[in-house]
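Hi everyone, thanks for coming. Have a look at the screen, and then we'll talk about the inside of this protein.

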Amino acid sequence: MKKIRKHKWLLFIVLIICLTLTALGGSRHKEDQYIHVGIAVYDLDDTFMNSLITALENRIDEVHMKKKISYEICDAKGNSRRQNKQLQYMYTQSYDMMLVNLVDPSSAASVLNNAKELDIPVILFNRDIAEKDLKITDNVWYVGTDASQAGQIQGEMLHKIWNQQRNRVDKNKNGKIDYVLIEGEEDHYDAIRRTKGFLENSKDLPLNTLGTLSASWNRQLAYKKFSQLDNNAISSTEAVICNNDDMALGVYDYYKEKNLALPIILGINNSQEMNEKIMSGEIYGSVDNDMDKQVLRIVKCMESVLNGNTKKHKKVWYSTPFAVTRE
């Protein structure tokens, strides 16, 4: 009798093990119905990036493939150490693809070497990297906009208003455009290229630099940095050229709070709030980086790569920026 009971218990244990393995297998099978994509974002508090990721989510949800796409978004909140931890987590998840918007573009080599080792294709977007880093692996693509061209367009806009409304711009009648330049992060590729593009395309204008500030793309920081200029510089400012709209709006906030007449303000991105203030005539202009086409390109590239077609898209693709003014 004891042997029979023992035998029954063994059968019961074997049955439980089989059921458990079947359940686990079913779970894995269910997971295999999905394509897994990791999305690393530098900072969702950035107005442009928030809009881009929202548009990207909507596009991904519309993609029709044999398997449904499951994605996870990690927000680094502008902290490179935080993003590094998030990327380390992503490597352990065996994603089918990673979409990466780097906090620190100079870290691209490390990211791409890790992805290459794990055979994970990567689409980098929005924050440009060094050309040599794109040669680390065949399975990497970059989607963004031409930062230098965006700066050049700012130069064109300043040319236009100077030629058409010189008396309005030159408030102190010294024959010069007394201006303040507000850049993004120091040593950041996009900030450098936007600034360089602006300066190269406005070198024949009578520019007089009152100050060059760095505000890390941030509205509140731009307000703070601008407010710390001496009173003579602020009162003499006739134009403020900013590497993005958030910083331009920070300068706008300062002038509105102090109830001062607004100078010519130029930004980049054409965010919704910026566009509203341009159309109301308060802010002169911005540069639209054609975010929708960038998002479309990211998704189309992702689809092609996931379908095994890695040769269809160029390694580097830039959208074409364009000027946005009320006129």
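So, which residues lie nearest the centre of the largest pocket? They are D43, D46, W217, N218 and D246, out of 19 lining residues. Quick caution: this is a predicted model, where local features need pLDDT of at least 70 and side-chain atom pairs count only at pLDDT 80 or more, while totals for chains, interfaces and linings use all residues. Residues are numbered from 1 along each chain as its sequence is written, and side-chain values use heavy atoms, with hydrogens and water left out.

Okay, what's a pocket? On a 1 Å grid over the protein atoms alone, it's an open set of points with protein on both sides within 12 Å along at least five of seven lines; a cavity is a set where a 1.4 Å probe fits but cannot get out, and lining residues have an atom within 4 Å of a point. Volume is the space filled by probe spheres set on the points, which are joined across faces, edges and corners.

Our largest pocket comes to about 290 Å³. Helices (DSSP runs of H or I, at least four residues) α8 (219-227), α10 (245-257) and α11 (272-279) each give two or more residues to its lining.

Finally, F226. Leaving aside neighbours within four places in sequence, F226 is in contact (heavy atoms within 4.5 Å) with residues including V180, I182, L213 and Y254. That's it, thanks!
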